[in-house]
Amino acid sequence: KVKSGGAGIVWYWPATTKFTKHPTARQTMNLATQLLDTAGGRTFIIGGVVTYEIRDLEKVLAHTWDPDSTVEDIAIAAITDACAGKTWAELREGINNGRFYILMRQELARELKGFGITVIKARISDFALCRAYRVIQAP
């Protein structure tokens, strides 16, 4: 059972209870850069930064093994979902006028709400066309 202790000294019986410490203050996470394709078949890289805070520590600790990893995985998937089915021109326009950020933040907020996490901001840190070469080497 997960219980939040609050601030100060908290006494709980039995005295051998497991204690887990996790920050609830505003946090940022720099997401790994991904390699994706547009609807038109152009390859690009995209990475982002998410700012969030934990509102309900009990939900986070009771429903996730590693809260930071959960936020990162859901955020990377939200970027992928926000890019899906769009052309390069649509992506650039959405980033330039801010609609892409709104879509990405809404997707993140919807996914993380059930874990007691509030998304404050979601932004793109890396965004560029590129060429991808895959090197396969036999052992």
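At what angle do the axes of helix α2 (residues 67-83) and helix α4 (residues 99-112) cross? They cross at roughly 140°, coming within 9 Å of each other. Keep in mind that this is a predicted model, where local features need pLDDT of at least 70, side-chain atom pairs count only at pLDDT 80 or more, and totals for chains, interfaces and linings use all residues. Residues are numbered from 1 along each chain as its sequence is written, and side-chain values use heavy atoms, with hydrogens and water left out.

- Two packed helices are described by the angle between their axes and the distance between the axes.
- Helices here are DSSP runs (H or I, at least four residues), as are strands (E, at least two), and both are numbered from the N terminus.
- The axes are lines fitted to C-alpha atoms, for helices over the stretch in contact, with angles from 0 to 180 degrees between N-to-C directions.
- The crossing angle of roughly 140° makes α2 oblique to α4; angles under 35 degrees count as roughly parallel, over 145 as roughly antiparallel, 65 to 115 as roughly perpendicular, and the rest as oblique.
- On the α2 side, the contact (heavy atoms within 4.5 Å) includes Val-71, Ile-74 and Cys-83, while the α4 side includes Phe-100, Leu-103 and Glu-107.
- By class, that contact has 12 nonpolar, no polar and three charged residues. Ala, Val, Leu, Ile, Met, Phe, Trp, Tyr, Cys and Pro count as nonpolar, Asp, Glu, Lys and Arg as charged, and the others, Gly among them, as polar.
- Glu-107 sits in α4 and counts as buried at 19% relative accessibility. Buried means under 20% relative accessible area, exposed over 50%, and partly exposed in between (1.4 Å probe, protein chains only).
- Leaving aside neighbours within four places in sequence, Glu-107 touches Ala-78 and Asp-81.

**Strand β3**

- Glu-53 belongs to strand β3 (residues 43-54) and is buried, at 18% relative accessible area.
- From Glu-53 to Pro-23 is 30 residues in sequence but 8.8 Å in space, C-alpha to C-alpha.

**Cysteines**

- The disulfide count is zero, going by pairs of cysteine sulfur atoms within 2.5 Å.
- Cys-83 is buried, with a relative accessible area of 4%, whereas Cys-130 is partly exposed at 26%.
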